Amino acid sequence: MAAATAPPPPAIAATFSALLRRHAVRTCRLRPFYARCVASNARAEAAEPECRSGGRGGTRLEEAVPAGEGRSRIDAWISARLGGGGVSRARVQASIRAGLVAVNGRPVSKVSHMVKGGDLVSCTVSELQPLRAEAEDIPLDIAYEDDHVLVVNKPAHMVVHPAPGNANGTLVNAILHHCRISTFTCLARNSSGDECPDSSDDDIDVFDVDQFATEDVSSEVRDALVRPGIVHRLDKGTSGLLVVAKDEHSHAQLAEQFKLHTIRRVYISLTCGVPHPNSGRIEASIARDPNNRIRMVAIAGSGHRYARNAASRYKVREVFAGGGSALVEWRLETGRTHQIRAHAKYLGIPLLGDETYGGTKSMALSLLRPRTPSKYHSALSDLISKVDRPCLHAALLGFKHPHSGKILEFSCPPPDDFTEKPTSF
């Protein structure tokens, strides 16, 4: 397996410890937690190959909504009936937009159309769309692979999928060079859309097409926004584990696990400041910030129209600079856009390097300099100036294999910016 060739980031956490002549955060210290499953998973048996259908294009459903059943979104209702057959919700939504779904004999075009008891629903599943992203010979750090799934360790600074401004050099481009994947096209959510979709943090998003508005998106942009096998994602700045589905059945099954929050996910981060208490559970709904469309905001209570319930558990694993920073472990109970980043800001401890959520260089220095001997201030300023991403790492990922049903769990130690001790201190 070839390791991803990203430039090594600064050794932030270890440097904090070295500056204060404390014990550095060493890889060996973290290994018992992060590596307990790696050896067995690396040798895990591949699931038995299954016969693959021709994409299930043309599959038909004609069924009445049971009398007395409450109102449901049509995409969710159809998906619940076809999902077990390996048809993803994204595929159902593509069928709706293609005019292949009707209610009581009338075609519907909106994936959010509501159906109720007594409605007659007919659907013809659309054909898979040809893939337009280009394969590129980019090394991948592969944690696990079989005929149905691929688990990769994404380096920081790598974008997951092509999009305007990032058409090449993405994880998707690398995956297409590495293997063949059954694919379909999803469209990016228009920035003017008001709905906050369920998604994963690390920016982990379940890619159902209903999360994206398409009316104002050009055909050129649509062609660029192709995400073969991507079930969830990590932000460009986030490193760590991500699972890719190689076939549509696997995509549908994994997407359902994300929807039900049965995927096990553990992250570690470096924060500006230390949370109080040192461990706990935060439950604060998340909505899009009305003043900044690229940012989410955590809200106490449930009064916001578009806020989604979000819950995270955190635990401090190491304190640096007398409380100026901390290594914090996060376990997600839900998966919302920027959940960890928004919850960290809500607690008053934004992630180090997260300029969007307040973890600025100036804030970090204001916390660290008063707690650091003056002779180290120059080195500290130099170190902080090199922080160029939110310090967040997806360290553990566990899920049920979509074909074999086996529980798989993978882990990877944090990158050098969390663990490597600088030789200059």
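**Entry 1: His157**

I began with His157, which is partly exposed at a relative accessible area of 33%; for burial I use under 20% relative accessible area for buried, over 50% for exposed and partly exposed in between, with a 1.4 Å probe and protein chains only. I note that this is a predicted model, in which local features need pLDDT of at least 70 and side-chain atom pairs count only at pLDDT 80 or more, while totals for chains, interfaces and linings use all residues. Residues are numbered from 1 along each chain as its sequence is written, and side-chain values use heavy atoms, with hydrogens and water left out.

I looked up the backbone of His157 and found a positive phi of about 80°, although this residue is not a glycine. His157 sits in the loop between strand 8 (149-154) and helix 6 (171-178), where helices (H or I, at least four residues) and strands (E, at least two) are DSSP runs numbered from the N terminus.

**Entry 2: further backbone checks**

I kept in mind that most residues other than glycine have a negative phi, and that most peptide bonds are trans. His261, also not a glycine, has a positive phi of about 60°; I placed His261 in the loop between helix 8 (248-259) and strand 10, and I recorded it as partly exposed, with a relative accessible area of 30%.

I then found a cis peptide bond joining His276 and Pro277, with omega about 0°. Pro277 belongs to the loop between strand 10 (264-272) and strand 11 (279-283).

**Entry 3: Ser95**

I located Ser95 in helix 5 (residues 89-97) and noted that Ser95 is buried, its relative accessible area being 0%. Leaving aside residues up to four places away in sequence, Ser95 touches Leu100, Val101, Thr124, Val125 and Ser126, contact meaning heavy atoms within 4.5 Å.

**Entry 4: aromatic pairs**

I looked up the ring pairs and found three in the structure; rings of Phe, Tyr and Trp (its six-membered ring) pair if their centres lie within 6.5 Å, and planes under 30 degrees apart count as stacked, over 60 as edge-to-face and the rest as tilted. Tyr144 and Phe410 form a tilted pair, 5.1 Å centre to centre with 35° between the planes. Tyr144 is in strand 7 (residues 142-145) and Phe410 in strand 17 (residues 407-411), so this pair ties together parts that are 266 residues apart in sequence. I noted both Tyr144 and Phe410 as buried.

Phe399 and Phe410 form a tilted pair at 6.0 Å centre to centre, with 35° between the planes. Phe399 lies in strand 16 (residues 392-400) and Phe410 in strand 17, so here the parts tied together are eleven residues apart in sequence.
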